[in-house]
Amino acid sequence: VIPHPLRQVSASEESVDRMLETFGDYYFAPTPCPEITVVRRAAVELARRGMGLVTRAPAGREAAYRDLPDNVEILEGSLDYDAAILAAQGVGILNRYQYRVSAVFFEALSAGKRCLMRDCLFARQAGETYQDAEIDLLPP
């Protein structure tokens, strides 16, 4: 992983407050993960920390994603993406990135957020390249 330009993640204070009022203490996983078992593992890990998980279901799989632990909120419709990142306690990157990078990681890094990631080549390399990044690897 080579150093990557970071964009400014910004939102109004009102938008951030609205996200906190709606979701409380949560991790935001903006990219739908097609592997429901991974979402469950993330939900269990975050429940141990007293956190929720706010994410989206993959298109066509919404019904299966309704049967997740109570600390998972499945988004429908739009939301203020930057406000969701800024209000979150951390960012979930639940897809495996072996041969590509995650733009969400760089947005989380820019916002100073802790990341919960699957153990993969990108997560390990990102941790080595960005030593100030707080990366927790999702248990297998």
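A: Arg48 and Glu45 both belong to helix 2, where three residues, about one turn of the helix, separate them. Helices (H or I, at least four residues) and strands (E, at least two) are DSSP runs, numbered from the N terminus. The model is a predicted one, in which local features need pLDDT of at least 70 and side-chain atom pairs count only at pLDDT 80 or more, while totals for chains, interfaces and linings use all residues. Residues are numbered from 1 along each chain as its sequence is written, and side-chain values use heavy atoms, with hydrogens and water left out.

Arg48 and Glu45 form a salt bridge in which the closest N and O atoms are 3.0 Å apart; the term denotes a side-chain nitrogen of Lys or Arg within 4 Å of a carboxyl oxygen of Asp or Glu.

Another of them joins the side chains of Arg118 and Glu35, with an N to O distance of 2.9 Å. Arg118 lies in the loop between strand 5 (114–117) and helix 5 (121–129), and Glu35 in the loop between strand 1 (26–29) and helix 2 (36–48), so this pair ties together parts that are 83 residues apart in sequence. Arg118 is buried, with a relative accessible area of 5%, while Glu35 is partly exposed at 36%.

Arg66 and Glu76 also meet in a salt bridge, at 3.4 Å from N to O. This pair links distant parts of the chain, ten residues apart: Arg66 is in the loop between strand 2 (52–55) and strand 3 (72–74), and Glu76 in the loop between strand 3 and helix 3 (81–87). Both Arg66 and Glu76 are exposed.

Disulfides, by contrast, number zero in the structure, a disulfide being a pair of cysteine sulfur atoms within 2.5 Å. Cys33 is in no disulfide, and the nearest cysteine sulfur, that of Cys120, is 11 Å away. This separation is too far for a bond. Cys33 is buried, with a relative accessible area of 1%, and Cys120 also counts as buried, at 1%.

In helix 1 the buried residues are Ser15, Val16, Met19 and Phe23. Viewed down the helix axis, these buried residues fall within an arc of 100°, so they line one face of helix 1; the arc is taken over the directions from the helix axis to the C-beta atoms. The face turned away from the buried side carries the exposed residues Glu13, Glu14 and Glu21.

Helix 1 (residues 13–23) also supplies five residues, the largest share, to the lining of the largest pocket. On a 1 Å grid over the protein atoms alone, a pocket is an open set of points with protein on both sides within 12 Å along at least five of seven lines, a cavity is a set of points where a 1.4 Å probe fits but cannot get out, and lining residues have an atom within 4 Å of a point. Grid points are joined across faces, edges and corners, and a volume is the space filled by probe spheres set on the points. The largest pocket has a volume of about 150 Å³. Of its 13 lining residues, Met19, Phe23, Ser78, Leu79 and Asp80 are the closest to its centre. The lining comprises five nonpolar, four polar and four charged residues; Ala, Val, Leu, Ile, Met, Phe, Trp, Tyr, Cys and Pro count as nonpolar, Asp, Glu, Lys and Arg as charged, and the others, Gly among them, as polar.

The structure holds one cavity of 30 Å³ or more, and the largest cavity has a volume of about 40 Å³. Its lining consists of Pro30, Thr31, Gly92, Ile93, Leu94, Asn95, Tyr97 and Val104, which divide into five nonpolar, three polar and no charged residues. Pro30 is placed in the loop between strand 1 and helix 2 and is buried at 13% relative accessibility. The C-alpha atoms of Pro30 and Val91 are separated by 8.2 Å, although the two residues are 61 residues apart along the chain.

Notes:
Buried < 20%, exposed > 50% of the residue type's maximum accessible area, 1.4 Å probe, protein only.
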